[in-house]
Amino acid sequence: MKYLPAVTLLLGLTSVSGAEVYNLDTTATRVGFDIEHFGLHWVSAHFRSFQGDFVFDRTGSASRVDVIVQTDSVDCGDSHWNPHLRSPEWLDVQQFPLMTYRSRHIEFEGGDRAEASGDLTLHGVTHPVVLDVSQLRCNGDGTDQACRFVAHARVKRSDYGLPHGFWTGGDQVDITIVGVGMHH
């Protein structure tokens, strides 16, 4: 199952046996999600507060992604809907302030694609999720190196005990992360 809701990357490493470690640039990264209902767009939102790192090791097994998102930072650009998304009817940010993703394995597919298999914890529930990474491009050198990527995943709200239905939108959540990581 290829599911994953919005996320960030957290990893406290500065070097991993020759692998390259990147900090997520929170000013240039967007972690967002879309929900449809009866085949029509229902709501789009993104998270303003997140942190993280990812490790690239194309020749070994040190590649990792770990993600932490502050759920109360959800923003759909609508002053009526924002409190609703934070309420117990949706993310219940008071009881579940963090959403985390921790990869178990990353497999590179050519020069610009990868698949990260890991675990997503949301609303106090953990399930395996695959994050499909595309448009992976790294440029620069030394400490000025940056990597850009687009990642997609899909989760079901019902898998995480999140309400869904006629008045609250569909079960399927499509996640999109457009990210930039800076080598440190």
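User: What should I know about the model before I start?

Analyst: The model is predicted: local features need pLDDT of at least 70, side-chain atom pairs count only at pLDDT 80 or more, and totals for chains, interfaces and linings use all residues. Residues are numbered from 1 along each chain as its sequence is written, and side-chain values use heavy atoms, with hydrogens and water left out.

User: What share of the chain is buried?

Analyst: Buried means under 20% relative accessible area, exposed means over 50%, and partly exposed lies in between (1.4 Å probe, protein chains only). Of the 184 residues in the chain, 48% are buried.

User: How do I find a disulfide?

Analyst: A disulfide is a covalent bond between the sulfur atoms of two cysteines. The rule used here is a pair of cysteine sulfur atoms within 2.5 Å. That rule gives one disulfide. Its partners are cysteine 138 and cysteine 147, with an S to S distance of 1.9 Å.

User: Why is the disulfide called right-handed?

Analyst: Look at the torsion about the S-S bond. For cysteine 138 and cysteine 147 it is about 105 degrees, so the disulfide is right-handed.

User: Are the two cysteines buried or exposed?

Analyst: Take each in turn. Cysteine 138 has a relative accessible area of 33%, so it is partly exposed. Cysteine 147 has 0%, so it is buried.

User: Where is glutamine 135, and what does it touch?

Analyst: Glutamine 135 sits in strand 9 (residues 125-139). Contact means heavy atoms within 4.5 Å. Leaving out residues up to four places away in sequence, glutamine 135 touches Asp112, Arg148, Phe149 and Val150. Its relative accessibility is 49%, so glutamine 135 is partly exposed. Along the chain, glutamine 135 and cysteine 147 are 12 residues apart, and their C-alpha atoms are separated by 9.8 Å.

User: Which loop holds serine 73?

Analyst: Serine 73 lies in the loop between strand 5 (64-70) and strand 6 (74-75). Its relative accessibility is 9%, so serine 73 counts as buried. Serine 73 touches His46, Phe47, Arg48, Ser49 and Arg86, again not counting residues up to four places away in sequence.

Conventions
Helix = DSSP H or I, 4+ residues; strand = E, 2+ residues; numbered from the N terminus.
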